[in-house]
Amino acid sequence: MTTQKNSAAILRENKKVLIASLTGSAIEWFDYFLYGTAAALVFNRVFFPMVDPVIGLILSYLSFSLTFFIRPIGGVIFAHIGDRIGRKKTLVLTLSLMGGATVMIGLLPTYETIGIWAPVLLILMRIIQGMGIGGEWGGALLLAYEYAPANRKGFFGSIPQAGVTIGMLMATFIVSLMTLLSEDAFLSWGWRIPFLLSAVLVLLGLWIRKDIDETPDFKQVKRAGQISKAPLSITVKHHWREVLIAAGLKVVETAPFYIFSTFVVSYATTTLAFQKSQALEAVTLGALVATVMIPLMGLLSDKTGRRRMYACSVVLLGLFIVPWFWLLDTGTTWGIVLATVVAFGILWAPVTAVLGTLCSEIFEARVRYTGITLGYQLGAALAGGTAPLIATGLLAHSGGDWTPVAWYLGVTVAISLAAIFFASRIGRKTPLNGETSPL
């Protein structure tokens, strides 16, 4: 009874922590997904109009995927700060960096106005965004995970993951509203409004986070005098296997995500001739379902086991790849909605719900920020932002045949199944108490 009361008390006490973790994560990803949605609908025409439309779309996606190779750099920089001086200060820096770059994108002149400098400045702002998001995820996750009671690690760790879909939901919804404008109005000024509004959200996020205390795990590491002077060096030297496993776990979470949420918009509106509103509404509904499913799956993982939930979800996701394309090819509204809700809202949600906690449990507290960030961002760089680019290229090369794209998604499934297999053979030794935490 005492244990139950203590757990309930911790949950009540940490409501503010969970809100801060969720809110900041949602704002960061709102900023980030604005770019992804705009890349599919606007940027190829506003910033890359000097080339063939298909090439312009590929260049637009290339500018989207470029930052996934910047994210590990930002992740290493901010993870170093997080493992050296604390999680809280890092979160303030990452949110400010991300928000400032997003507002600047909304103010950029177009190619028609300043020529080649327009895409150059766009890419520069995108790189700054990548730096910010590279450090944000690890901090938001650890803010929740390191405050969690032992029997609620899965639930707490899923909360910042829900911020991903909430941010995407807000971004897709507001861009959908802007598409109700005339084509000329949307292309000239309508697309800018969501980017400029992010300034309000960033100020809100900073205000919520300002009163949050440092995490108990980091305080314990500090009291024990075990703060790492060179967390990156220690991680690469002693925890490189865990980093590779975390990257492998990330692959099937990130590549299908960008296929189901970003690539589907251009595929549906160009190859299949869906209306933009149909594609965006389907993604919005899928994100809404995923937002509800993620914390529920996180809570369930505390009872059923994260390893089991992850493996079963990845297998089911792999089995649904071909039916996903079949449903899209029906050319019907119900087809694209059902495909998106099942793949994105139901099958992908359990994978992302447990990903952060799985990664956190294989690293020591003193290098946890660096370890999970390095693995996560490495996986994102290899399979995240490149996914829409690869899928678009494969589709163009095959003359519109989606079979190569399905094979590509199948490879991501195989990689992550191998990662969870090896993860099951690693136990985490906590330097403070010597206990082993099972996955």
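Trainee: Leaving aside its neighbours within four places in sequence, what is leucine 66 in contact with?

Mentor: Bear in mind that this is a predicted model; in it, once the neighbours within four places in sequence are set aside, leucine 66 is in contact with Ile123 and Ile127.

Trainee: Switching topic, which residues form a nonpolar patch on the surface?

Mentor: The patch is formed by Ile114, Ile116, Trp117 and Val120, which together have about 390 Å² of accessible area. One of them, isoleucine 116, sits in the loop between helix 6 (111–114) and helix 7 (117–145), and isoleucine 116 counts as exposed because its relative accessible area is 51%.

Trainee: How many salt bridges does the structure hold?

Mentor: The structure holds 4 salt bridges. In one of them the side chains of glutamate 146 and arginine 368 meet, with 2.9 Å from N to O. Glutamate 146 is in the loop between helix 7 and helix 8 (153–178) while arginine 368 is in helix 18 (residues 368–383), so this pair ties together parts that are 222 residues apart in sequence.

Trainee: Are glutamate 146 and arginine 368 buried or exposed?

Mentor: Glutamate 146 is buried, with a relative accessible area of 2%, and arginine 368 also counts as buried, at 2% relative accessibility.

Trainee: What does glutamate 361 pair with?

Mentor: Glutamate 361 meets arginine 306 in a salt bridge between their side chains, at 2.7 Å from N to O. That pair links distant parts of the chain, since glutamate 361 lies in the loop between helix 17 (333–360) and helix 18, whereas arginine 306 lies in helix 15 (residues 306–319), 55 residues apart. Both glutamate 361 and arginine 306 are buried, and a network of salt bridges links Asp302, Arg306 and Glu361.

Trainee: Where do glutamate 253 and lysine 250 lie?

Mentor: Both lie in helix 13 (residues 240–271), 3 residues apart, which is about one turn of the helix. Glutamate 253 forms a salt bridge with lysine 250, with the closest N and O atoms 2.5 Å apart, and both glutamate 253 and lysine 250 are buried.

Trainee: How many disulfides turn up?

Mentor: A search of the whole structure finds 0 disulfides. As for individual cysteines, cysteine 359 is buried, with a relative accessible area of 0%, whereas cysteine 312 is partly exposed, with a relative accessible area of 45%.

Trainee: How many residues does helix 5 have, and what does it reach?

Mentor: Helix 5 (residues 87–107) has 21 residues and reaches 31 Å from its first C-alpha to its last, close to the 30 Å expected at 1.5 Å a residue. Its buried residues include Arg87, Leu91, Met98 and Ile105.

Trainee: Last one, then: how many helices and strands are there in the protein chain?

Mentor: There are 20 helices and 2 strands in the protein chain, and of its 439 residues 59% count as buried. The chain exposes about 16,800 Å², with carbon and sulfur atoms supplying 69% of that area.

How values were computed. Residues are numbered from 1 along each chain as its sequence is written. This is a predicted model: local features need pLDDT of at least 70, side-chain atom pairs count only at pLDDT 80 or more; totals for chains, interfaces and linings use all residues. Side-chain values use heavy atoms; hydrogens and water are left out. Patches are made of residues with over 30% relative accessible area and no salt bridge: like charges are joined within 9 Å, nonpolar side chains (Val, Leu, Ile, Met, Phe, Trp, Tyr) within 5 Å. Accessible areas come from the Shrake-Rupley method with a 1.4 Å probe; for residues, only the protein chains shown count as cover. Helices (H or I, at least four residues) and strands (E, at least two) are DSSP runs, numbered from the N terminus. Buried means under 20% relative accessible area, exposed over 50%, partly exposed in between (1.4 Å probe, protein chains only). A disulfide is a pair of cysteine sulfur atoms within 2.5 Å. The expected span of a helix is 1.5 Å times one less than its number of residues. Contact means heavy atoms within 4.5 Å.
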